[in-house]
Every structure is written in structure tokens, then in C-alpha cells.
Amino acid sequence: MRTIYFILSLLCTAMGLTACNELDTGSRLEKISIEDALRQTTRNILIEDFTGQRCVNCPEAANQAAEIQHSFGTGRAIVVAIHGGPLAVSETDSPIGLANEQSQQLNEMFIPQNESYPQGRIDRSGSYCAYTAWMDRAVNRLLVQPGASISIEREGEVESEAESESRVKLRIKVVGSNSQTVLTRLHVWLTEDHIIAGQIVPDTGFDAYYVHSHVFRTALTPLEGEACTLSESEPQERTFTATLKSKWVPQNMHIVAFVCNDETGEVMQAEEIQVISNK
């Protein structure tokens, strides 16, 4: 059983109602397993992997994200690979490019120019960080109870509108975790797995048949999120229709929904389902 050591503060603030994010000199070392941490919360972790096909170390970050998913179990760690920055290959420049206008904009929003890659954000909590820090940050985020719950429902099957595209209709329901009203931002994205495209890799240099996973394809909400006021007593519902490009494979795609606190920017909860169920 994998064990993680958490540095936990002995005392929270006098209110004592929220998780302690700041460490002080009175901290102690507490040992807790990932399994125990997962049992204590329903939080799912969002990992935004800022990557590129010309980035030699980016496959190592992808491996780390896969290790976190394996350790956490199905659905508990949600990964989105965002191709952007100077080491990304644009789909407008190459038929194998995985960066698009939205992924480039996301990269510009969160990663400064001239920064090295790969970088990642865990639940949008704290600054971006190297992949070697992802596991510790992800496990520590499990100690923060989710501020909301999310459900995603497909409305019917994927509809073919023309030879070049198809559509899928979605319904997203979000509920706050307490009676206090909180201003949030809802994000709904599509990702795709099992994309075979070139990638610079360690040791061998270039792999023309590299298999990319969790690739950001499009956002159905504005990149800054859609305003959504949440409370426990007033669930919010949104409907979306996604147009799928002909080169996308619906069977390999997922719908990712997450909601962020508008004040802090941190992810309150995330959820993911397949575009086409394998059941």
C-alpha cells in the first residue's frame, strides 16, 4: 500500500471550518495512505498537463499523470493534456499537430513566456509546477473537501449531422456543498485518447507512433468559465451541444466538467464521462 507523508498543521484558524492550507512552525508529520485519503473525500483531482510534441521531457510528465490515475483509481484523477507554447505543434501547421487556438490560449493564461516544459497545475491550487511535484500536490488536495458536486448526462446518442461532423448533447448539473452562496465558474471540455502522432521522446529522439492521451480538443464554455452561482439549496443545470470534428473519434473521447471558485480560482470539484459509453 503506497503511503504518503502529509505535513498537517496542528491547529486551524479559530473558525476551523475550512481545510488548513498554510503550514506553520507547529506542524507535525502525519502518515496517511492514498487509500485512506480517498475514503475520506469524494473529491476528484484535476491535472492540467501543459505539454508539446517537441518537448523531450513531456512523455515523462504523461507517465506521471498515468501513475497518479492508477494510484487513485477510476475517475478520481482527471487529466487534460493541453498542447501549447513554443514546443507545441499546431493543427493548422501540421496534419499531426495537437495544439489548437483554444489550447494555445489556455497555455498563455497559465504559463509565462520562456518557461520550460512540461508544467502542470493540480486543481488550479497554487502555482504551476514540474511533474515531479504532481503526486504530492494531488494527494494533499484530497484533504480538501469538495465545494460542489457535478453530474454529467448525455442526452441521447451521438448524432451524425453530415459526413464531416457529428454532435453530442450534454446536461451538466452542479450543486454547492453548503448553504452559503458562492460565485463559481463552470468549465466543460472535450478530450481525446489514443491519438497516434509524432512526439519527441527521451533516448530515441522521435517516435512517429507515439500514443497521446487526454488531449484537449475543445471547450464548450468560455475559457474563463461560465458564471454559475452555487448553493446547496439551488442546483444549477446547463445544457450544451458539442460538434465533433470528423478526425476526432467519439469512442475515444471524454467530457470533462469542473467548477472553480471565482475568488480563488481553485477547482471545487471535477467530473468526467465518456462521450460514448462502453457499457
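**Salt bridges in the model**

Okay, let me start with one side chain: K247 is partly exposed, with a relative accessible area of 41%. Keep in mind that this is a predicted model.

So who does K247 pair with? Its salt-bridge partner is E91, at 3.3 Å from N to O. This one links distant parts of the chain, 156 residues apart. E91 sits in the loop between β4 (77-83) and α3 (101-110), while K247 is in the loop between β16 (236-245) and β17 (253-261).

Next pair: D262 and R185, with their closest N and O atoms 3.1 Å apart. D262 lies in the loop between β17 and β18 (267-274) and R185 in strand β9 (residues 182-192), so the bridge ties together parts 77 residues apart in sequence. As for accessibility, D262 comes out at 33% and R185 at 26%, and both of those fall in the partly exposed range.

Now, buried or exposed: what about R141 and D123? Both are buried. They form a salt bridge as well, again with 3.1 Å between the closest N and O atoms. R141 is in helix α4 (residues 134-141) and D123 in the loop between β5 (119-122) and α4, so here the parts tied together are 18 residues apart in sequence.

How values were computed
Residues numbered from 1 in each chain as written. Predicted model: local features only at pLDDT ≥ 70, side-chain atom pairs only at ≥ 80, totals over all residues. Heavy atoms only, no water. Salt bridge = Lys/Arg side-chain N within 4 Å of Asp/Glu carboxyl O. Helix = DSSP H or I, 4+ residues; strand = E, 2+ residues; numbered from the N terminus. Buried < 20%, exposed > 50% of the residue type's maximum accessible area, 1.4 Å probe, protein only.
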